[in-house]
Amino acid sequence: MKKTTIALLAAISFSSTASVAAYPDKDIQGVIMWGAGGSTDTVMRSVAPYAEEALGTDLILTNKSGGVGAISMKYVNKKKADGYTLLMGAENPQMHKVLGLSNIDYSDMVPVAILARGVPMMVARNDAPYNTMQEFIDYVKAHPGEVKIGSTGKGGLPSIIMAMIDSQVKLDYINIPYKGDGPALTALQGNAIDVMPAVLGATKEQIKAGRMKAIGLIDNQANPMLPNVAPITDTLPGLNSYLPWGPFFGVFVRKGTPDEAVNQLTSAFSTAGEREEFTSMMSNRGYSVMNISGQEAVDFLDTYRSVSSWLVYKAGVGKFSPEKFGIQKP
C-alpha cells in the first residue's frame with residue numbers, strides 16, 4: 001500500500017512538472033489594444049515574429065479597439081490566467097480610473113515587457129495654411145469652430161495633448177473621433193480632418209513621403225529625426241511643467257498567471273526586444289526601445305500612472321481625483 005501511494009505521488013508530481021514544462025503547448029492569443037496601422041499595432045506586429053521564434057509557437061494577433069483600451073483590457077481580464085491570452089497595449093489604461101473608463105489599470109496586471117516609447121507630435125494635412133504651432137494657434141483663433149482635429153476618444157493620446165494645449169490657450173475647434181490613430185491618420189491624408197495629434201513612429205513614413213506635414217513636437221526639446229520641427233514649448237513655454245511625456249507600448253497578462261508562464265513569456269519578449277531587426281525598425285520609425293520587465297517595469301508603470309493621472313486631472317479631463325485611488329502626486 002505504501003509503495004502504491006509513493007508511486008501515485010510520483011506520477012502526480014511528474015504529470016504536474018510535465019504540464020508546466022510543456023508551456024506553451026498551443027497557440028497564444030495577442031489582443032492588440034488599438035486598431036490596425038496605428039502605433040500600438042506597428043510595435044506589436046514588429047516584435048511578434050521574434051517572440052514566436054523564442055516561444056516555439058504561434059502568436060495569433062487580434063485588434064480589439066474601443067473604450068480607449070478598456071474593452072481589450074476587460075476582455076483579457078475575463079480570460080483564464082494561464083498565459084495564453086496576452087494584452088498588447090499602450091499607455092491609456094494608466095489613466096482609466098481617473099477618467100472613469102474602467103476600475104482596472106496596469107497595476108492589476110503583470111507586465112511581461114515594456115517594449116518601447118514614442119514621441120508625440122502634431123501633424124497636419126499638406127495643404128493646411130499653417131506650418132508651425134504658432135501659425136496653427138493663430139489660424140484656429142481666426143477661424144473658430146472650423147478646424148477639424150482627429151481624436152481617439154477621451155483618455156486617448158490626442159485628448160491629453162489637446163488638454164495640455166487647452167491649459168495654456170483656449171481654442172475653438174471640431175473634434176472628430178476615430179477608433180485609433182491608424183484610421184485617423186488615413187482620414188488626415190484624405191483631407192477628412194485637418195490636424196491629428198499622433199506619435200512620431202506612426203507618422204514618420206507619411207511625413208517622409210509627403211502625405212502629411214509635421215507642425216510641432218509635443219516635447220521640450222528638438223528631435224534629430226525632424227530637426228526643422230520646433231518643440232511645442234517654443235510656442236507654449238508653460239507646458240514645460242508637463243513635458244517630456246509620451247506613449248509607451250507593452251505586453252501584459254492577468255495577475256494569477258503561473259510564474260513559469262510569466263517567466264517564459266518575459267524571456268521570449270526580452271529576447272525579441274533585443275533582436276537587431278526589431279531595434280533597428282523601432283529606431284528608424286522614431287521609437288525608443290526600452291525592453292524592461294519585472295520590478296523595473298512595475299516601477300516605471302507606477303511613476304507613469306502618477307504623472308499621467310495628475311496631468312489629466314489638472315488639465316480638467318479627469319472625472320475623479322487620483323487621490324480617490326491612492327495615486328500619489330509625482
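Which residues line the second largest cavity? In this predicted model, the lining is made up of Val76, Lys79, Lys80, Ala81, Asp82, Gly83, Thr85, Val253, Arg254 and Thr257. The briefing below starts with the cavities and then turns to the salt bridges, so you can follow along in the structure above.

**The second largest cavity**
- This cavity holds about 30 Å³ of space.
- Its lining residues split into four charged, three polar and three nonpolar.

**The largest cavity**
- The model has two cavities of 30 Å³ or more, and the largest has a volume of about 160 Å³.
- A set of 15 residues lines the largest cavity, and Trp34, Ser39, Glu91, Leu157 and Asp181 are the ones nearest its centre.
- Helix H2, helix H6 (157–166) and strand S8 (195–199) each contribute at least two residues to the lining of the largest cavity.
- Strand S8 gives the most to that lining, with three residues.
- By class, nine residues in the lining of the largest cavity are nonpolar, four are polar and two are charged.

**Salt bridges around Arg275**
- Arg275 and Glu53 meet through their side chains in a salt bridge, at 3.2 Å from N to O.
- This pair links distant parts of the chain, 222 residues apart: Glu53 sits in helix H2 (residues 39–55), and Arg275 lies in the loop between helix H9 (259–274) and helix H10 (276–284).
- Glu277 is partly exposed, with a relative accessible area of 36%.

**Other salt bridges**
- The side chains of Lys204 and Glu205 meet in a salt bridge, at 3.6 Å from N to O.
- Glu205 is partly exposed, with a relative accessible area of 38%.

Definitions and conventions
Residues are numbered from 1 along each chain as its sequence is written. This is a predicted model: local features need pLDDT of at least 70, side-chain atom pairs count only at pLDDT 80 or more; totals for chains, interfaces and linings use all residues. Side-chain values use heavy atoms; hydrogens and water are left out. A salt bridge is a side-chain nitrogen of Lys or Arg within 4 Å of a carboxyl oxygen of Asp or Glu. Helices (H or I, at least four residues) and strands (E, at least two) are DSSP runs, numbered from the N terminus. Buried means under 20% relative accessible area, exposed over 50%, partly exposed in between (1.4 Å probe, protein chains only). On a 1 Å grid over the protein atoms alone, a cavity is a set of points where a 1.4 Å probe fits but cannot get out, and a pocket is an open set with protein on both sides within 12 Å along at least five of seven lines; lining residues have an atom within 4 Å of a point. Grid points are joined across faces, edges and corners, and a volume is the space filled by probe spheres set on the points. Ala, Val, Leu, Ile, Met, Phe, Trp, Tyr, Cys and Pro count as nonpolar, Asp, Glu, Lys and Arg as charged, and the others, Gly among them, as polar.
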